[in-house]
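This briefing goes with the sequence and coordinates shown below.

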Amino acid sequence: MPLMTTKPMFDLAYDGGFAIGAFNVNNMELAQAIIEACAKEQSPLILQISKGARKYANIRYLKHIIDAAVEDHPELPIAIHCDHGDTLDLIQQCIKDGYTSVMIDGSHHPYEQNVKETADVVKAAHAAGVVVEAELGQLGGIEEHVVGLSAADYEKNLAKFLTDPVQAADFAKRTGIDSLAVAIGTSHGAYKFSKESKLAFDVVEKIMKTCPGLPLVMHGSSSVPQEFIDLVNKYGGKMPNAKGVPEEQIHMAVTKYGVCKVNIDTDLRLAMTAKIREVFATKPAEFDPRNYLGPAREAITSMVQRKLHVLNSAGKMEAVNKRWEQLGRPLPTFYKK
Ligand code: G3H
Ligand code: 13P
Ligand code: ZN
């Protein structure tokens, strides 16, 4: 049952030229599609659950769905991660729910408050054998509870939102985090750039130097493939000017600059929405949810498979499992009861 923390994954990804895909789960179809894709591609994976997903699906249901997925594919290295946790209370709940990894996102707070809240979370999580991701700098786009800037306004003021490499070193040292989400010009959602995609890879290079050994995470890494936007728009949707991070740039971030974890949600939503719209538009008499959710699930599976190749993580399952064995099969205390 290789349910694990992200440690064995990042140990290999750090200088292995690949990254672990962290895919957001909100319901059964998403969980099944992601697992199916990773099983087909023999890839390690992170299933991540946002606060909104906990609320939407009721975490009790979601956790059982994820447990079923883990049971279905005991060969796959899987981490269960809290995406954008915002309070110690929520993190403690996630630890009790059996997550193996948590994110505390204090990036919108003043620096000292971010340090304090993150350090408190690290203390609680590490005591339970759970690893911690934190964030420094600010992303654009939509984030729950955070007022997002438009792509144009974010781009105009980008310099002031980017992660400061010197501050990152201080932050890592004072908090004891296991990985760091960096702001390098990406945004959440489907409208990331008003013109061309421009990422600050020089900032990644600098942070790799100021924080040697610390795995870096890229949020807002959907590519918003044009063919899916075209499908959505063709079948009655309205997503003008949607733009993501080109897949070549994600691939470069992973293979050249050493990013270890790449967060993808929007592209799964797009695949699902495009397919459902297509079924509704081409088969207007259809009303059996299985006949639109089924094809949507297949579309998500293909999308995830495509991502696993961009991240170069296809085929890395065995190596990660071996690393987990070498480390003595570390698991949160939740699973040792
Ligand atoms: O970072 C945001 C993720 O895409 C999760 O989005 O809060 O709408 O579930 P959500
Ligand atoms: P996207 O909106 O680009 O898919 O980013 C998702 C994300 O960062 C989740 O934390
Ligand atoms: Zn995010």
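What spacing do the donors of the zinc ion (ligand 3) follow along the chain? The spacing is H-x103-H-x30-H. This is a predicted model, in which local features need pLDDT of at least 70 and side-chain atom pairs count only at pLDDT 80 or more, while totals for chains, interfaces and linings use all residues. Residues are numbered from 1 along each chain as its sequence is written, chains are lettered from A and ligands numbered from 1 in the order in which they are written, and side-chain values use heavy atoms, with hydrogens and water left out.

**Zinc site**

- The protein donors are His-84 (NE2), His-188 (NE2) and His-219 (ND1), at 2.0 to 2.1 Å from the zinc ion (ligand 3).
- Donors are N, O and S atoms within 2.8 Å of the metal (3.2 Å for Na, K and Ca); water is not among the atoms, so sites may look incomplete.
- Helices (H or I, at least four residues) and strands (E, at least two) are DSSP runs, numbered from the N terminus.
- His-188 is buried at a relative accessible area of 15%, and His-219 is buried at 0%.
- Buried means under 20% relative accessible area, exposed over 50%, and partly exposed in between (1.4 Å probe, protein chains only).

**Barrel**

- Eight strands form a closed barrel in the order β1-β2-β3-β4-β5-β7-β9-β10, with parallel pairing.
- On average, neighbouring strands of this sheet are turned by 25° against each other, direction ignored.
- Axes are lines fitted to C-alpha atoms, for helices over the stretch in contact, and angles run from 0 to 180 degrees between N-to-C directions.
- Two strands pair if DSSP finds at least two bridges between them.
- β1 and β10 (residues 261-264) run parallel and are joined by four bridges, with Phe-23 opposite Ile-264 in β10.
- β5 (residues 131-136) pairs with β7 in the parallel sense over four bridges, and Glu-133 stands opposite Ser-179 in β7.
- β7 also pairs with β9 in the parallel sense, over two bridges; Leu-180 has Leu-216 in β9 as its bridge partner.
- In a regular strand the side chains alternate between the two faces of the sheet.
- Strand β7 (residues 179-182) is covered on both faces, with Ser-179 and Ala-181 buried on one side and Leu-180 and Val-182 buried on the other.
- Helix α5 (residues 88-96) lies across β3 and β4 (101-104), at about 165° to β3.

**Helix α2**

- Helix α2 (residues 28-41) has 14 residues and spans 20 Å from its first C-alpha to its last, close to the 20 Å expected at 1.5 Å a residue.
- The expected span of a helix is 1.5 Å times one less than its number of residues.
- Ten of the 14 residues of α2 are buried, so the helix is largely enclosed by the rest of the structure.
- Among the buried residues of α2 are Glu-29, Leu-30, Ile-34, Ile-35 and Cys-38.
- Their cover includes β1 (20-24), β2 (45-50), α4 (59-72), β3 (78-85), α13 (266-282) and α14 (290-310).
- At the N-terminal end, Asn-27 caps α2 through a side-chain oxygen 3.3 Å from the backbone nitrogen of Glu-29.
- Gln-42 follows α2 and has a positive phi, near 50°.

**Individual residues**

- Asn-263 is in strand β10 and is buried, with a relative accessible area of 5%.
- The side chains of Asn-263 and Lys-261 make a polar contact at 2.9 Å.
- A polar contact is a pair of N or O atoms within 3.5 Å; within protein, one must be able to donate a hydrogen and the other to accept it, and residues adjacent in sequence count only if both atoms are side-chain atoms.
- Cys-211 lies in the loop between α10 (201-210) and β9, and is buried at 5%.
- Not counting residues up to four places away in sequence, Cys-211 touches Tyr-14, Ala-168 and Ala-169.
- Asn-58, in the loop between α3 (51-57) and α4, has a positive phi near 70° and is partly exposed at 36% relative accessibility.
- Asn-312, in the loop between α14 and α15 (317-326), has a positive phi near 60° and is partly exposed at 30%.

Methods. Contact means heavy atoms within 4.5 Å.
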